[in-house]
Amino acid sequence: MTTSIQPVPAGLSGGLAAASATDLSKVYGAGETRVAALDRVSLDFRQGEFTAIMGPSGSGKSTLMHCMAGLDSVSSGSARIGDTELTTLKEKKLTQLRRDKIGFIFQAFNLLPTLNALENITLPLDIAGRKVDRAWLDQVVSTVGLSGRLGHRPSQLSGGQQQRVAVARALASRPEIIFGDEPTGNLDSRAGSEVLGFLRNSVRELGQTVVIVTHDPVAASYSDRVVFLADGRIVDDMASPTAEKVLERMKGFDAKGRTS
Amino acid sequence: MLRTAVRNVLAHKARLLMTMLAVLLGVAFVSGTLVFTSTLSTAFQKSSEKGFDHVDVAVLPDSSQSSGPGDAPALSQRLLEEAAALPGVAEATGSVSGFAALADKDGKLVGQGWSTLGANHYAGEDGRDDRYTMRDGRAPERDGEIALDAKTAERTGYEVGDTVRTSVNGPVRSEKVTGIFTTDDGNVAAGGTLVLFDTATAQRLYAAPGEFAEITLTAAPGTSQAALRGAVEEILPKTAEAVTGEKLAADQSRAIEEELSGMRTGMLVFAGIALFVGVFIIANTFTMLVAQRTKELALMRAVGASRRQVTRSVLIEALVVGAVAGVTGLAAGVGVAAGLRALMGSLGVTVPDGPLTVTGTTVLVSLAVGTVITVLAAWLPARRAAKIPPVAAMSSLHATPTTRGLVVRNSIGSVLVAAGAGLVLLGTGMDADAAKGPMGLGAAVMVIGVFVLTPLLSRPLIAAAGPLLRLFGVSGKLARQNAVRNPRRTAATASALMIGLTLITGLTVLAGGAQKGIEKMTAESLTADYVVSMANFSTLSPEVEEKLAADERVTAVSPLRSSPAEIDGDTEWVMGVSGEHIGDLLSMDFTDGSLAAFGGTKVVVDDETAERYGWEVGSTFPATFEDGERGELTVAGVYEGNEMVRSIMLDTSLLDPHMQRVDSMQVLVKAEGGVSEATQSALEAALGDNPAILVQDKEAMSEAIASLFTFMLNMLYGLLAMAVIVAVLGVVNTLAMSVFERSSEIGMLRAIGLDRRAVKRMVRLESVVISLFGGVMGIGLGVFFGWAAGEIIGSVLTTYELVLPWGRMALFLALAGVVGVLAALWPARRAARLNMLAAIKAE
C-alpha cells in the first residue's frame, strides 16, 4: 500500500500511464484574438494515483481535463487514454471510449432526476448494455456509504449525498480513469471532505486512477500529486501535497502574476 | 413593462416560434375561409347582377299560393301576349328551363350534372333573344336543333353543323348544332353548360306546350320597374306574381349569401377546432416560459414590480405574439383562399373568376382572433407568474412543477368524465331529436373531464408502453421517464392531438356504420338486378321503362313514380309502381294482407302510415290526386316500411292519368340470368347509351354509396388535418422546450457515453410515446362517441350497424406514431448537436 502512494515525478515513471498528453495545445480564435488555452502541455497520469490539477482562473486547467477526457477537441499534440490516441478518434468511437474507460464527476452533480440513486449509479453500465457486477457494485456503494439510500431520487438527497452517488456512478463501470471537474465546488466543507475522502479511498482501496480539477488547496491536499498550470503551461508538479504547501505555492503564482 | 415584454419576445423568439406558428395556422384557416367565401360571394353576386340586366319585371308562379294538387298552369302563351301588349312594356320573353345532359365526343357526360341546363331560345319579333348573342350560326328553330354556349363549345370542340347527343329525361336525343352563343347567364359564367332549344321543344321537354316557367319583361324608356310591375299585376291570375328585376337580384344575392354562409360556418367550425387545439399549445408554452423564467420574474418582483405588473408583462408578451401571428396568419389566409379556389377548380368545381376579396371584417376578425386567443390562453400562466414570491430570486431551487394539486384536479376530472359519460349514455336511450341536447352536452363535459384527467391517465398509459420501450434499451427507459416527468405538460401536448383524433375516429365510426346500414338496407329491400336513374337524380320519362321492357332479357320492370296526393287534409307523396312486377323487384314483408290483390284502386301501405291513419286491410280512404280529381282507395296490404320504401303504393295505371307530367325517379329492372356484364351493356344499349342515365347493379350502388362516404370523409379529414398539424406543432414545441430545459442532463449523458444516435432515439421515443398517448385517448373517445351517436342514428336508420373500423383505427394510431417521429426530427437533432461542455457548465 505504501509504495503506491509514493509520488513519482512526471516522465520518470516506470509505472503505466492511465492517461497522457504530449505537446497538447488548444487554441481559441485566430490572428489578433488568438488565445492559447493550452500551450504544448506534456503530462502523464499514472495508474492508481490521485492527481489534482490546480491553477488560477484561465490557467487552462479545465481545458486540459476536457481535452484529456475526450470531451473537447485539441488543436495539436496528442492525448491518450491507456494506449488509445483520442485526437484521431471519430465521434462515435470517442463516445464509446468515454463510456467504457472514463468516469466523470461534475461540479453540479448532474444526476438524472427521474432515476433513483441506484439507477443513476448503474446508468453508464445501462448505456453500454453491460451486466452489473453485483459484488463490485456493493463494494462501491458501501465505500461511498450509500447503502439504504439507493431507492431515493436525487431530489430526496442532500448535495453531499448526490455527489457521492455521482462518485459511485463514476466508479461503477471500473473505468481506467476518473475525471472530476471541481467535484466539491458546490458542496460545503464537510460534505466536500467526505467526497474527497471517498475518492482517496477508491484510489487506495480499489486501485482507481483519479484526476480532479480544483482551485481549493484543501481539496488538492487529498491527492498524491498536484500539477500546477498557469497560462496554459505546466509550471509545477508537487508530490505529497499538504494544504499549506499548496496554498504557499498558489500565493507564489499570484505574486509572480502581479510582478511579471 | 411593454419594453420588457417585447424584449422577452425577441429573446425567446425561437421558443415562441411554434406557438406563433400554431396561432398563425388557426388564424390563416379563419381568414382563408373568410377571404374565400367573400371572394366567391363577390364573384357570384357580379354574375347574378349581370344575369338580371335584361329583366325589369319577372312574372313567376306564385309560390305562396301553394301549387298543391289541382292547380291550373300559371303562365300561358296568352298571358305572355297580354303582358307584351301592356303600355310601358318594351319586350316580353317567356322561358322554361331544366336539366339537359350533353354528351361530349367520347359519349361522356359534360360537366357535373347539376350545372348542365337546357332552356328555350325565345325568338322575339326580330327572331332574336336579347339574353343570348349568336356568335356563330343561328338560333334553333325547330325540334332537333340546338345552340350551345361558347365556353361549352370550346371545351367539347363542337361546332355549328355537328350532331350532338343530349338527354333531358331519359331518351337520347340527337340534335344538330345550329348556333354557338355567348351569354351573361350566371350558371354559364360559373362554368355550367347551357343548351338552347326552340321554345316549343323546350316547353314540351320542361313544362307543357304553351306554358312558361317564367315571363320576363323589359320596360320601355321612361317606365320604372315599380310602375311596370303595377301595370302587370292588373292582368295576372291569382296563381302568378310579378317581381321587379331589382328584387330578383337582391333575392338571389341573399340566396347566394345564405348558401355561402352555410359553407363559411361549416369551415369556421373546423377553424375553431384548430384554434382550440392551439390554445393548449399557447398555454403550454407560456407555462414553460414562466417556469423557466421564475428567477427573472422573482427578481422583477424583488425590485418592486407589483403582481399586476408581472401578470401584465406576460400578457403583453402574449399580445405581441398574438398580433404578429394574426398579421402573418391573415397574409397566409389570403394564400389559403387562393389555394382553395385553385383546388376547387382542379376538382372540377368551376368557380367564377374575380379578384380575391379581403374585407375589413376579415382583417379585423383575423387580428382579433389571433390576439384574443393568445392572450386568453396565456391568462392562467400569467396569473401563475404573478404568484412567484420575490424570494424565489434568491433560492437556487428550480421551479419544477410538482404533482401537488393533482388530487383536486383528478377529483374534478373524474366527476366531469362520469357526468359526461352518464349524459351520453342517457342520450343513447332517447329519441333522435331529444338525444341531441344531452349527448352534445355530455360529450363536451366528458372531453373537458378527460382534459382534466390526462395528467393522471398519462402515468398508467405510458407505463403500459414500458415493455415495448425496454426494447430500445437506455434510450427507451429514459424516454418513458421523461414522458411522465411533467404530467401536465405531457397531458396538454397529448390532449391537443387527442382532439383531432377523437373527431376523426368518431366520424369514421359513424360513416362506416351508416354506409353499412344503407348498403344492408339496399341489399335487403331490393330484389331487382338493376336500378336505372338519372345521373343528376332528376326524373326519367316513361319511355325509359318502355324501352327496357321491350328488351327480351328483362323479366320484370317497374318505375318508381312519385306524386303528391291529398289525404285527410294532408299532402302525402304516393308511389306509383307496376303492380304486376313490383313483387319481383322489391322485397316487402307484409304484416297484413299481401300484394296478391294489388292493382286498380287496391293499394298497399307501409305500417307507419297505416298506423297513423288507423288503416288495416280492407279500409278505404278518399284521396285527391295531383290533377284535382278524387278517388277512393282500398288497402290491400300493410308492409314493413324502411328508409328506402315507406309510402302508399299504387299501380301506375291508376296514378299516371292523374300526374301532371308522368315521370319516374327510378326504374327497377330484373333480367334473365341476373347481373352480368352482357346484360348491363344490353340495357345501356337499349337506352341508347345515354350518358345521363345510370344503370347500376347492387354492387355498383354499394360502390356509389361507398364513394360518396369516402368523399365526405376525405373532406372532413382534410378539414381536420389542420387541427392535427397544429397539434404536431405542439409536440415539437414541448419537445424543443424539454430538450432546452434538460440540456445539462443531455450533456452529462453524452459525456458519460450516450452516443448521438441514442440521444436522438431518446427524444424521438419520448415524442412517439406522447403522441401515441394522445392517439390512444383520441381513438378511444372517438369510438365511444361514434358508438353513442350511432345508437341515435340506429333509431332512425334501422339497419345501422356499429362497424369498428379496425384497419382505420390502426392507421390512425400509426399516424399518431408518425406524428411523433416527425415532431421529434428537429428537437432530436438539437439534442444530439448539443455542445456537451456548455451544457454541463450551464446550471
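Ser20(A) stands opposite Arg80(A), a residue of strand 4 of chain A, where a strand is a DSSP run of E with at least two residues and a helix a DSSP run of H or I with at least four, both numbered from the N terminus. The structure is a predicted model, in which local features need pLDDT of at least 70 and side-chain atom pairs count only at pLDDT 80 or more, while totals for chains, interfaces and linings use all residues. Residues are numbered from 1 along each chain as its sequence is written, and chains are lettered from A and ligands numbered from 1 in the order in which they are written.

## The sheet of chain A

Strand 4 of chain A (residues 76-81) runs antiparallel to strand 1 of chain A, and 5 bridges join them; two strands are said to pair if DSSP finds at least two bridges between them. Strand 1 (residues 17-28) also pairs with strand 2 (residues 35-46) of chain A, again in the antiparallel sense, over 8 bridges. Strands 1 and 2 of chain A form a hairpin with 6 residues between them, and Gly29(A), in the turn, has a positive phi of about 70 degrees. These strands belong to an open sheet of 4 strands in chain A, with the order 2-1-4-5 and antiparallel pairing. Strand 2 and strand 5 (84-85) of chain A are the edge strands, each pairing on one side only.

## Chain B and its domains

Chain B holds 27 helices and 24 strands, and its C-alpha atoms fill a box of roughly 100 × 70 × 50 Å along the principal axes. Of the 843 residues of chain B, 47% count as buried, that is, 20 or more other C-beta atoms, placed from the backbone, lie within 10 Å of their own, whereas a residue is exposed with 12 or fewer and partly exposed in between.

| Domain of chain B | Residues |
|---|---|
| Domain 1 | 1-52 + 250-399 |
| Domain 2 | 57-249 |
| Domain 3 | 457-524 + 698-843 |
| Domain 4 | 536-690 |

The C-alpha centres of domain 1 and domain 2 of chain B lie 49 Å apart. Their contact takes 14 residues from domain 1 of chain B and 12 residues from domain 2 of chain B, two residues being in contact if their C-beta atoms, placed from the backbone, lie within 7 Å. On the side of domain 1 of chain B that touches domain 2 of chain B, helix 2 (13-51) and helix 8 (245-292) of chain B each supply at least two residues, and the largest share, 5 residues, comes from helix 2 of chain B.

Helix 2 of chain B also contains Gln45(B), which is buried, with 20 other C-beta atoms within 10 Å. Not counting residues up to four places away in sequence, Gln45(B) touches Ser253(B) and Ile256(B).

For "domain: ABC3 transporter permease C-terminal", UniProt lists, in an unreviewed entry, residues 269-390 and 719-835 of chain B; such annotations may be inferred rather than shown by experiment. Over residues 719-835 the chain is 86% helix and 0% strand, with the end C-alpha atoms 41 Å apart.

## The nonpolar cores

A nonpolar core is a set of buried Ala, Val, Leu, Ile, Met, Phe, Trp, Tyr and Cys residues joined through C-beta atoms within 7 Å. The largest such core has 214 residues, of which Val167(A), Ala168(A), Ala274(B), Ala378(B), Ala723(B) and Val726(B) touch the most other members. Domain 1 and domain 3 of chain B both give residues to this core, so it lies between them. Leaving aside its neighbours within four places in sequence, Val726(B) is in contact with Ala22(B), Leu25(B), Gly26(B), Ala274(B), Val277(B), Gly278(B) and Ile281(B). Apart from this core lies another, of 99 residues, among them Ile180(B), Met575(B), Leu655(B) and Ile693(B).

## Where the chains meet

The contact between the chains takes 20 residues from chain A and 17 residues from chain B. On the side of chain A that touches chain B, helix 2 (91-101) and helix 3 (117-128) of chain A are the elements that give two or more residues.

Technical notes:
Domains from an automatic or database assignment.
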